[in-house]
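The entries follow in the order I made them.

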Amino acid sequence: QHRATSGFKSLPSPIYGGDYYHQMGCIIHIRAGGNPLLSSTLPEGTPGYLPLYSFLCASFSDLCNLKTIKGMFTFSLFLYAVATILWFCFFSAVFENNWISLAGTALANGLNAYPILKYTPFTHQVLLPLFLLCLYLTITHKKSHYYISLAIIYGLLTLSHIVAFVGATLILLTFLLFELYENKHQIPAYISSNIKNWILFLCISIPVVMLYWYKPIFVHHLKSTYDRIHMDTPDFARLDVQITFLFDTIKSYFFNFNDIFTSLKTIFLWIGLYSLFSGKSGQYKAPTSENRFILQLLTGSFIATFCYFITEPVLKMNFIPTYMQRFYISTITIIIMLKGLKFIYQSINLNVRIAALTSFLLFIALYVNSVFAFQHYIQHDQWVKNAKNPVHEIYQSLQKYLFTHTDVNDVILSTKEISFAINAISGRKVVVSRWAHQNDPFMDLSQRDVDAAIILYGNDTKKKLELIKKY
């Protein structure tokens, strides 16, 4: 990763509308003293790109005294090391087998997931394994300090990615319902033995969650100004879209035979599913703590991803299933694949050394595959080729001018695309920008567009001055 990105002089993304440049604007805004809990783009807005990644990358860049672009690439190297440790620790906790965990780490944290230059992959590669590790330890050991850790990470998911947070919420509720069902004959005793830990979890997580959710709940009352969900993602209000997504997701994860690599993953996945319900003889067996965790996580992942069948007709909304399946369906399928690998080892009674050697060779194969995928991205992506050139001098000049003559919270007016680029290179706030990057359904973006048009192109001077004063 370092070798491939060390020659980059700009981000592998378009400066007009590119996700990485919008993320860079968020980081620059924080480095200049902007409030991470407010929008780095629009005054009075909530952060569209949630601030945890931006804050950590800004702090890392400040600590290492790096320019923001260099800081983003260097921070990605650091995140690779952190994510590798977290995924390995999670798989080791679940399977209690370091060699299987090594193979799982290569599968879940391959080089093709990098460089991480945005909050979404950061959440997937860093926050997600940390959440799952804390969840497994909490469910398995029921210790107060694990509840504390789970509460902190659950709260931080709110500041990292809303879809991941909602999915985590539904998964936690799924685990709770399973436990209530398992203890249905002794509910009072179960509640009395766990209520202290539940209260501890809520007392720690709710204040962190409210860092983001206070304004949407208590100021906006969760009333959006426009139908953000159905405008910017597939329209899951339509039954044909719902059914197509369901079958496409199942096919892509459970019946994917497009090439040798995906075929092997599908085979291991089905072996893992078989091993969850049967022993070596094929007879049903009571679930172990390992199997119970996997089954409940599988159930919670499917509920989180496909709950639109209920939420759309009842609430007229969904939780962005396209993102939800990337976070949770992809992860649970990797876990089940490793379960299949473990089942094979146990079924054929492999010698410990042979099993270790097999897992190591599998790790090498998976890692090499991810390297080839990463290399293909580096060699063929059009924006990677562009990143080998520095940002055009006109943007460098504009950036220098804005840093010198404006404050971090000053507001700049221009057209939407130019405003996007201005925010990206300076972190300064703007009147209007691209809707897709705001992720703020509570702000009346259409009215801002109208106001900007009146100021720029209108002939009512009094109204223009009134609007300028407003912004």
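I began with what lines the largest cavity: seven nonpolar residues, ten polar and no charged ones. Here Ala, Val, Leu, Ile, Met, Phe, Trp, Tyr, Cys and Pro count as nonpolar, Asp, Glu, Lys and Arg as charged, and the others, Gly among them, as polar.

I noted the source: this is a predicted model, where local features need pLDDT of at least 70, side-chain atom pairs count only at pLDDT 80 or more, and totals for chains, interfaces and linings use all residues. Residues are numbered from 1 along each chain as its sequence is written, and side-chain values use heavy atoms, with hydrogens and water left out.

Entry on the cavity. I found one cavity of 30 Å³ or more. On a 1 Å grid over the protein atoms alone, a cavity is a set of points where a 1.4 Å probe fits but cannot get out; a pocket is an open set with protein on both sides within 12 Å along at least five of seven lines; lining residues have an atom within 4 Å of a point. The volume of the largest cavity is about 100 Å³, a volume being the space filled by probe spheres set on the grid points, which are joined across faces, edges and corners. Its lining has 17 residues, and C26, L38, S40, P47 and Y49 lie nearest the centre. Helix α2 gives the largest share, four residues. Helices are DSSP runs (H or I, at least four residues), numbered from the N terminus.

Entry on the largest pocket. I read a volume of about 1200 Å³. The lining has 38 residues, with I162, R228, I229, I320 and P441 nearest the centre. Two or more residues each come from α6 (119–141), α8 (162–182), α9 (187–219) and α10 (228–232). The largest share, five residues, is from α9. I sorted the lining into 23 nonpolar, nine polar and six charged residues.

Entry on the second largest pocket. This one holds about 780 Å³ of space. Of its 31 lining residues, L107, N112, H124, S330 and I334 lie nearest the centre. Which element gives the largest share of this lining? I found α15, with eight residues. The lining divides into 14 nonpolar, 14 polar and three charged residues.

Entry on W99. I placed W99 in helix α5 (residues 98–108). W99 counts as partly exposed because its relative accessibility is 37%, where buried means under 20% relative accessible area, exposed over 50%, and partly exposed in between (1.4 Å probe, protein chains only).
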